Structure formats: structure tokens, C-alpha cells
Amino acid sequence: MRVSLFKLAAATAIAAVMGTGAFAQTVLRFSHTDNPGGSRQAAAEVFAEKVKEYTDGRYDIRIFPAGQLANDPKAIEQLILGGVDFTVSATGSYATHLASLNLTAMPFLVDTYEQGWKLYDNSTWLQGEFDKLPAVGFRVLSTWEAGFRSFTTSSPLASPTDAQSMKMRVYPNDMIRWSMEAIGFQTVVMPITDVYLAIQQGTVNGQENPVDTIKSLRFYEVAPNVTLTRHVYSPLPLTVSEATWAKFSPEDQEAVRKAANDAAAFSRDLVKNSVDSQIEEMKAAGAKVSVPEIGPFRDAVASVYDKARGVYGAEEVDKILADAAAIREKMPSK
């Protein structure tokens, strides 16, 4: 009887452990810099749930928001080294490792979300650049949404003339820096995780990011003048470490990519449809939101295209400009 009871207890314990997936489940780490209440976190949760669903629970994705593991540049470095498995960041953040991706941050490439989605999903030039990334150490799975970049500043920004007295935080991206300097700002490079305090202390007078990021990271609290220039379309490629990708079976690779596309569709819908309510929430909290005359800003950054041609080559610049122009023509803004 004693032996039988022992065997029964052992079998029950084994069944319980196997039921938790302890033997088969692999934990993967997902790092990003958005706050827990932001759209990146919401899409990351969808991605994690879908990966678990499509792989029958073999993978458990642990999400680390708000720069807990690393800021954006460091997370991408860790991606290459295998220290994290997934991250999601602005395309320009990846340009440190493939310089041509800076060209996606050229000003006023597209005017609408739909045009931007078409550019990222169908541009022959951009897909070709993404195809080079596995050799660097990571690959793009899908493109999530953040929106169009605009300004938050401590004093009003009605025109480029106002910019001449301001210090603007930028992330490490040549194209963004050139555009800011062409508008008239002095630029200061710093991680996004340091920006709130830097504005509060007067180290910089403002920053530029999509509305979703401005709202999530509460930049409007310390820089209450929100100026909706929409000067750069700035979505968020979701990337996976190539070392991690190589460990997946072909079936699991397909499952992870499917989950990434599901999360991208969720992200795009969420961000596009949240912008108006986010603006109203910021207004209610005391932000002063304005839409300036865009012409002077467009004129101010016109020199950036020629500067890009001089650095990256006219052929490369003209390819992405041609792709964007064709999309704008086929999908005119309403």
C-alpha cells in the first residue's frame, strides 16, 4: 500500500509540473521604453499572448517596460548580443547599425497613417534595407505604430523663428538632428528615459515625439506647449534577436511572425484611433495644443534632402523619395 501511495503521489506531482509547462516552456525577454499604460505595452501584451497561443504555450514572453532593462540604443545592442530577445523602437534607433535607415526619418515623407503603412509594408527600397538586418544580428518581424512626430516645448512654438531660442532633445539620429537644426533649434542628444527630468531642470526646452509617446511619458506636464507639426512619420519596427530566431523551428518562426503581425494590426488600430482622445486628455490636464502653419516648417527643412543625398548618396535618397511620392499619389490625403 505504501509503495502504491508513493507512486500515486509521484505521478500526481509529475503531472502537476508538466501541466505548468515547466519542462517545455522557454522564457524570452522583451524590452521597451514605453510606460506600462502606453500603446507599446498593450501591443507587447497582445504579442506575448499570441506567441503563447500559436506555440501551444512553449514560449513565455516576459515584458520589461519603461527602460527597466535598457534604453532604446542599449536594448538594440543587447538584441545583437542575445541579452534580450525582442525590442520595439523607432526605425531611426536601428540606424546606428544600418545607417541607411536614417532616411526613413526624412521630414514630411507621408501625410497619413495609411500612406505610412503602405510605405513600410510595400516600399521596395525599405524592404531591401530590412533584409540586410539579419547579418547585423536582428530582424524585423512587423511594424507597430507610434504616429507622427510633433513638439512639446516649455514656451510656444508658432514658427521656426521661435525655435532659435530653444534647446531641443533629439535621439541619436542624424536625420532628426539635421531637421531640428534646419528649423533653428540647438540640439542635445540624450536617452528618452532622461528627457522628462531634463526639461523639468531646464537642460532642454523641449522634445519631439508622436502624440502617443508624449501622452504615455507625460512630457506635456513639463513642456505644456504641444505643437502638432507631424514633421516625421515614426512607426516602430518590432525586432527579434537573430540568435533567438535561429533557435526557433520553422513552425515556431511562422508562429512568432504571425503573432507579430497580429500585434502590428492591433497597434496600428489603437494608435490611429487614440490620437484625438489623447490630445483632449492632455488639454484637460493643462496642455496648450496648437496646429501651426506648416509651410514655414516645410521650407525650413528643405535643405535636409540635399544634405542626405550628400551623405547617403543621391540614388538611395531618391529611391525612398520616389516610393513615398508614388504612395502619396495613389493614396491622396483627404
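Q: Which residues in α4 meet which residues in α11?
A: In this predicted model, Y113, E114, W117, Y120 and D121 are the α4 residues, and they meet R268, V271, K272 and V275 in α11. Sorted by class, the contact of α4 with α11 has 5 nonpolar and 4 charged residues, and no polar ones.

Q: What makes α4 roughly antiparallel to α11?
A: It comes down to the angle. The axes of α4 (residues 113-122) and α11 (residues 250-284) cross at roughly 155°, and angles over 145 degrees count as roughly antiparallel. That is why α4 is called roughly antiparallel to α11.

Q: How is that pair described beyond the angle, in distance and handedness?
A: The two axes come within 12 Å, and α4 passes α11 in a right-handed crossing.

Q: Why is E145 called buried?
A: Its relative accessibility is 1%, and buried means under 20%. So E145 counts as buried.

Q: Where is E145, and what is it in contact with?
A: E145 has its place in the loop between β4 and β5 (148-153). Leaving aside neighbours within four places in sequence, its contacts are S39, Y113, W117, Y233, P235, L236, S267, R268 and V271. Among the residues where α4 and α11 meet are Y113, W117, R268 and V271, and E145 is in contact with those four too. As for G116, E145 is 29 residues from it in sequence and 9.6 Å from it in space, C-alpha to C-alpha.

Q: What makes β2 and β4 the edges of their sheet?
A: The open sheet has 5 strands in the order β2-β1-β3-β10-β4, with mixed pairing. β2 (59-64) and β4 (138-144) each have a single partner strand, so each has one side left without a neighbour in the sheet. From one strand to the next, the twist averages 25°.

Q: How do you know that β3 and β10 pair, and in which sense?
A: Count the bridges: a pair takes at least two, and 3 join β3 (residues 86-88) to β10 (residues 236-241). These strands run antiparallel. As one example, V88 has L238 in β10 as its bridge partner.

Q: Which helices pack on this sheet, and what do they touch?
A: Helix α2 (residues 39-54) touches β1 (26-31), β2, β3, β4 and β10, and its direction makes about 170° with that of β2. Helix α3 (residues 72-81) touches β1, β3, β4 and β10, with its direction at about 150° to that of β3.

Q: Why is β4 called mostly covered?
A: Look at the tally: 7 of its 7 residues are buried.

Q: What makes β4 and β10 a pair?
A: The threshold is at least two bridges, and β4 and β10 have 6, in the antiparallel sense. Within this pairing, R139 stands opposite V240 in β10.

Q: What makes β7 and β11 the edge strands of the other open sheet?
A: That sheet has 6 strands in the order β7-β6-β8-β5-β9-β11, again with mixed pairing. β7 (186-189) and β11 (288-290) each pair on one side only. Here the twist averages 35° from one strand to the next.

Q: How do you know that β9 pairs with β11, and in which sense?
A: Same test: at least two bridges are needed, and 3 join β9 (residues 225-233) to β11. The two strands run parallel, and N225 has K288 in β11 as its bridge partner.

Note on methods:
Residues are numbered from 1 along each chain as its sequence is written. This is a predicted model: local features need pLDDT of at least 70, side-chain atom pairs count only at pLDDT 80 or more; totals for chains, interfaces and linings use all residues. Side-chain values use heavy atoms; hydrogens and water are left out. Axes are lines fitted to C-alpha atoms, for helices over the stretch in contact, and angles run from 0 to 180 degrees between N-to-C directions. Helices (H or I, at least four residues) and strands (E, at least two) are DSSP runs, numbered from the N terminus. Angles under 35 degrees count as roughly parallel, over 145 as roughly antiparallel, 65 to 115 as roughly perpendicular and the rest as oblique. A crossing is left-handed if the near helix is turned anticlockwise from the far one by less than a right angle, and right-handed if clockwise. Contact means heavy atoms within 4.5 Å. Ala, Val, Leu, Ile, Met, Phe, Trp, Tyr, Cys and Pro count as nonpolar, Asp, Glu, Lys and Arg as charged, and the others, Gly among them, as polar. Buried means under 20% relative accessible area, exposed over 50%, partly exposed in between (1.4 Å probe, protein chains only).
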